[in-house]
Amino acid sequence: LCNNAATATITFTTSNSGPGTITYTWTNDSPAIGLAANGTGNSIPSFVVNNPGTSSNLVSTITVTPHYTYDNTTCDGVPKIFTITVRPSSGGNITGAANLEICSGSDASVNLALSGVVNLNALFNIAAEVSPGVFNTGVSYGPIVYNATGVQTLIIPAAQIPNATATPKKYRISWVSMTDGNGCVSSSLIGNVV
């Protein structure tokens, strides 16, 4: 799962059809993923996983032990062990796009500082200023693939930022989402660019 995703409910079952009672206890060796260290019951309810990092997976090992009680005697069954792996959010940070001035009909070359991840697909939104400080909903552009950290260049085609008027026209570029190599997505805003 990716950071901030919700798990499905994990339900425990048994093929034991005897007259006794079956209960379950479970332990979790890594509560950092957002799940308690231990619990009881016949399921682990859905919860939102957590991995605040930007590069490493968090792996939690869950051990579920069944307990069979009959005639005041309780016997433990064979534990079932499984893992929950939580991938970080794409977590990349894109900055550096501000106050670029270009001529009408020219492509815009925006240098973006990318940190935190590699193998990143970024989808952008380009919106025109329709009145001072007010931008339209814009058009999507991308995804643009980044394969390394550091300064990357985003080329915005002139067709995405037209100006057929006699006065300067301002656009805003924001990134709608970033998808990393694990398929995890995060969203944020760059700000005004051209």
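In strand S3, Thr 40 is the bridge partner of Thr 25. This pairing belongs to a predicted model, in which S2 and S3 (residues 38–40) run antiparallel over three bridges. The points below cover strand pairing, an aromatic pair and the nonpolar cores.

**Strand pairing**
- Strand S2 also pairs with strand S5 (residues 58–70), in the antiparallel sense and over eight bridges.
- Within S5, Thr 69 stands opposite Thr 21.

**Aromatic pair**
- The count of aromatic pairs comes to one.
- This pair is formed by Phe 12 and Tyr 24 and is tilted, with 5.4 Å centre to centre and 50° between the planes.
- Phe 12 lies in the loop between strand S1 (10–11) and strand S2 (21–28), while Tyr 24 lies in strand S2, so that the pair links parts of the chain twelve residues apart.
- Phe 12 and Tyr 24 are both buried.

**Nonpolar cores**
- The largest nonpolar core has 18 residues, of which Phe 124, Ile 126, Tyr 146, Leu 154 and Ile 156 touch the most other members.
- At least two residues of this core come from each of strands S9 (108–115), S10 (120–131), S12 (139–146), S13 (150–156) and S14 (171–179).
- The most is given by S10, with five residues.
- Leaving aside residues up to four places away in sequence, Ile 126 touches Gly 138, Val 139, Tyr 141, Ile 156, Gln 160, Ile 161, Tyr 171, Arg 172 and Ile 173.
- A second, separate core holds twelve residues, including Phe 12, Trp 26, Ile 44 and Ile 84.

Definitions and conventions:
Residues numbered from 1 in each chain as written. Predicted model: local features only at pLDDT ≥ 70, side-chain atom pairs only at ≥ 80, totals over all residues. Heavy atoms only, no water. Core = buried A, V, L, I, M, F, W, Y, C linked by side-chain atoms within 4.5 Å. Buried < 20%, exposed > 50% of the residue type's maximum accessible area, 1.4 Å probe, protein only. Helix = DSSP H or I, 4+ residues; strand = E, 2+ residues; numbered from the N terminus. Contact = heavy atoms within 4.5 Å. Phe/Tyr/Trp six-rings, centres within 6.5 Å; stacked < 30°, edge-to-face > 60°. Pairing = 2+ DSSP bridges.
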